[in-house]
Amino acid sequence: MSNLQLQFKALNYAAEQHKAQRRKGNESVPYINHPIKVTTILTQFITQPSDELIAAALLHDVVEDTDATIDDIINLFGPTIAAIVQEVTDDKSLSKAESKQKQIDHAPHLSSPAKLIRIADKIANVRDICGENIPDWDYKTKIEYLNWAEEVVRALGTFHDELQFTFKDEVRWGRLSIK
Ligand code: ZN
């Protein structure tokens with residue numbers, strides 16, 4: 001399978017899986033726009049992203065948020081991509097507070113593709129939350145999200161200066177702009 005075939009297969013599968021979901025917020029943005037944004041951020045900052053990184057970025061919320069399983073991802077995309085998706089999938093048996101803490105605790109141990117997806121995901125979410133997309137969150141909830149995202153990104157350690165700078169910049173701008 002060519003690189004583009006693999007990437008479009010991942011995009012198509014993610015779009016199918018997320019088809020009934022919308023992002024939170026008043027614009028009812030289709031959920032698939034979120035993994036597309038995360039993948040776009042990676043292509044902007046990484047000169048030659050691997051096929052596995054791009055496919056895993058497109059698929060990163062499929063197991064957490066749809067009925068797809070890691071076995072489905074192994075069968076369709078192979079064990080390497082599935083392993084990255086697994087790393088960025090929260091354990092659904094944990095409470096919200098527990099899985100938030102687990103993201104912080106596990107951050108230093110993630111593989112490098114998983115770290116890249118994790119930070120691009122946080123950049124995309126901060127942009128949404130501090131922009132027009134999630135107006136139904138109150139100020140306190142937004143601040144709590146920013147604080148937590150900062151903790152997760154800090155725990156990732158030093159791995160990609162530009163992405164880390166961009167994240168910090170988004171948070172700084174977000175804190176000034178949210179109401
Ligand atoms: Zn995500």
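Q: Which residue forms a salt bridge with Arg23, and how far apart are the closest N and O atoms?
A: A salt bridge is a side-chain nitrogen of Lys or Arg within 4 Å of a carboxyl oxygen of Asp or Glu. In this predicted model, the partner of Arg23 is Asp128, with the closest N and O atoms 3.1 Å apart. Arg23 lies in the loop between helix H1 (3–17) and H2, and Asp128 in helix H8 (residues 112–130), so the pair ties together parts that are 105 residues apart in sequence. Helices (H or I, at least four residues) are DSSP runs, numbered from the N terminus.

Q: What conventions apply to the numbering, the atoms and the confidence of the model?
A: Residues are numbered from 1 along each chain as its sequence is written, and side-chain values use heavy atoms, with hydrogens and water left out. Because the model is predicted, local features need pLDDT of at least 70 and side-chain atom pairs count only at pLDDT 80 or more, while totals for chains, interfaces and linings use all residues.

Q: Are Arg23 and Asp128 buried or exposed?
A: Buried means under 20% relative accessible area, exposed over 50%, and partly exposed in between (1.4 Å probe, protein chains only). Both Arg23 and Asp128 are buried; for Asp128 the relative accessibility is 7%.

Q: Which side chain meets Asp128 in a salt bridge of 3.0 Å, N to O?
A: That side chain is Lys37. Here, too, the pair links distant parts of the chain, with Asp128 in helix H8 and Lys37 in helix H2, 91 residues apart. Lys37 counts as partly exposed, because its relative accessibility is 34%.

Q: How many salt bridges does the structure hold?
A: The structure holds seven, including one between Glu16 and Lys19 at 3.9 Å, N to O. Glu16 is partly exposed at 45% relative accessibility, whereas Lys19 is exposed at 58%.

Q: Which residues are the protein donors of the zinc ion?
A: Donors are N, O and S atoms within 2.8 Å of the metal (3.2 Å for Na, K and Ca); water is not among the atoms, so sites may look incomplete. The zinc ion has His34 (NE2), His60 (NE2), Asp61 (OD) and Asp121 (OD) as donors, 2.1 to 2.3 Å from it. Their spacing along the chain is H-x25-H-D-x59-D.

Q: Why is the arrangement around the zinc ion irregular?
A: Four donors count as tetrahedral if all angles lie between 85 and 135 degrees; four count as square planar and six as octahedral if opposite donors are over 155 degrees apart and all others between 65 and 115; anything else is irregular. The four donor atoms here subtend angles of 79 to 173 degrees, which makes the arrangement irregular.

Definitions and conventions. Helices (H or I, at least four residues) and strands (E, at least two) are DSSP runs, numbered from the N terminus.
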